[in-house]
Amino acid sequence: MFGRNPVITNVRLAETMEYGEAWLLEILTLHRLPVSCMTRSERPMSEWLNRGYHHLSEEALVSTLTSMYQRGEIDAYHDDDMEKPATLRQFLLALGEMDSAMHCGVTQDGGKRWEDLAEPDWSRFFEDVGWDGENVEITAATRERLIELVSNADVLWQCNMSVTDDSINQFTPWEPLAWKTLPTGYRASVRYEQIPFTPRPREEIMQEHSKNRRRYVELRTWAKSICGHDYV
């Protein structure tokens, strides 16, 4: 699937943007990227993001980013100054500069445009961070969602987990992404153990993978991909 332009079936998307712009909007919604890496031909974003590619020439990429910047859908900040966004000129100069200390992402307006197309279900969004071999911190929008994730850790992460209700901490507000704030989040530090690998015939392993794939996608999906990729 990666490396090709997928067919975009979302009518609203087809009427408003090309695939490359849709890809950039989606990527910059989910991640703030180092500006210096966005136009480096020796290591294109497709190699380190693993989420497809925009398929734009450098000229078209710069033009598209410029348009998005001018519409107020994306912004950029110097790494040491989060108080004042960079100007468009500063952003364009930083593109491709190896030593640039600037990062780029969507604004609230850009995030809203993405939400209108992707129709995210924020109650299903989650984060898993700090894997250290023993514990991981899981955050979700509801207590039920966090428990669902832990209960299906074998499918999601090939490990066993357990969590007690009193170990789940509620906090407010929660910022799941830099541009998005939710009224409440639920977080727990969860102990885990990797499921030991057991040598088995290849056919058996492939059958199990096929069986678990649908459940894996169901567990991870929380929005539509406006690029046509599996949103996991």
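1. A residue is called exposed when its relative accessible area is over 50%, buried when that area is under 20%, and partly exposed in between. The coordinates discussed here are those of a predicted model. By this cut-off Ser-189 is exposed, because its relative accessibility is 55%.

2. Ser-189 belongs to strand S10, which covers residues 185-194. Once neighbours within four places in sequence are set aside, the contacts of Ser-189 are with Asn-135, Val-136 and Glu-137. A further pair concerns Val-163, which is 26 residues from Ser-189 in sequence, with a C-alpha to C-alpha distance of 8.5 Å.

3. Leu-93 is a residue of helix H5. How is Leu-93 to be classed, given a relative accessible area of 44%? It is partly exposed, because 44% lies between the limits of 20% and 50%. The C-alpha atoms of Leu-93 and Gly-130 are 35 Å apart, and the two residues are separated by 37 positions in sequence.

4. Which residues form a patch of negative charge on the surface? The patch gathers Asp-79, Asp-80, Asp-81 and Glu-83. Asp-79 itself counts as partly exposed, because its relative accessibility is 47%.

5. Over the protein as a whole, 25 side chains are positive and 38 are negative. The centres of these two sets lie 4 Å apart.

6. The backbone has a cis peptide bond from Thr-172 to Pro-173, with omega near -10°. Pro-173 is located in the loop that links strand S7 (169-171) to strand S8 (174-177).

7. Positive phi values in residues other than glycine also deserve a remark. His-55 has a phi of about 60°, and its place is in the loop between helix H3 (45-49) and helix H4 (58-70). His-55 is classed as partly exposed because its relative accessible area is 33%.

8. Gln-158 likewise has a positive phi, near 55°, and is not a glycine. Where does Gln-158 lie? Its place is in the loop between helix H8 (153-157) and strand S6 (159-161). With a relative accessibility of 46%, Gln-158 is therefore partly exposed.

9. As to overall architecture, the protein contains nine helices and ten strands. The C-alpha trace spans about 55 × 45 × 40 Å along its principal axes. Of the contacts with a separation of 6 or more, 65% are between residues 24 or more positions apart.

10. What share of the 232 residues is buried? Buried residues make up 42% of them.

Methods: Residues are numbered from 1 along each chain as its sequence is written. This is a predicted model: local features need pLDDT of at least 70, side-chain atom pairs count only at pLDDT 80 or more; totals for chains, interfaces and linings use all residues. Side-chain values use heavy atoms; hydrogens and water are left out. Helices (H or I, at least four residues) and strands (E, at least two) are DSSP runs, numbered from the N terminus. Buried means under 20% relative accessible area, exposed over 50%, partly exposed in between (1.4 Å probe, protein chains only). Contact means heavy atoms within 4.5 Å. Lys and Arg count as positive and Asp and Glu as negative; His and the chain ends are not counted. The place of a charge is taken as NZ of Lys, CZ of Arg, CG of Asp or CD of Glu. Patches are made of residues with over 30% relative accessible area and no salt bridge: like charges are joined within 9 Å, nonpolar side chains (Val, Leu, Ile, Met, Phe, Trp, Tyr) within 5 Å. Accessible areas come from the Shrake-Rupley method with a 1.4 Å probe; for residues, only the protein chains shown count as cover. A salt bridge is a side-chain nitrogen of Lys or Arg within 4 Å of a carboxyl oxygen of Asp or Glu.
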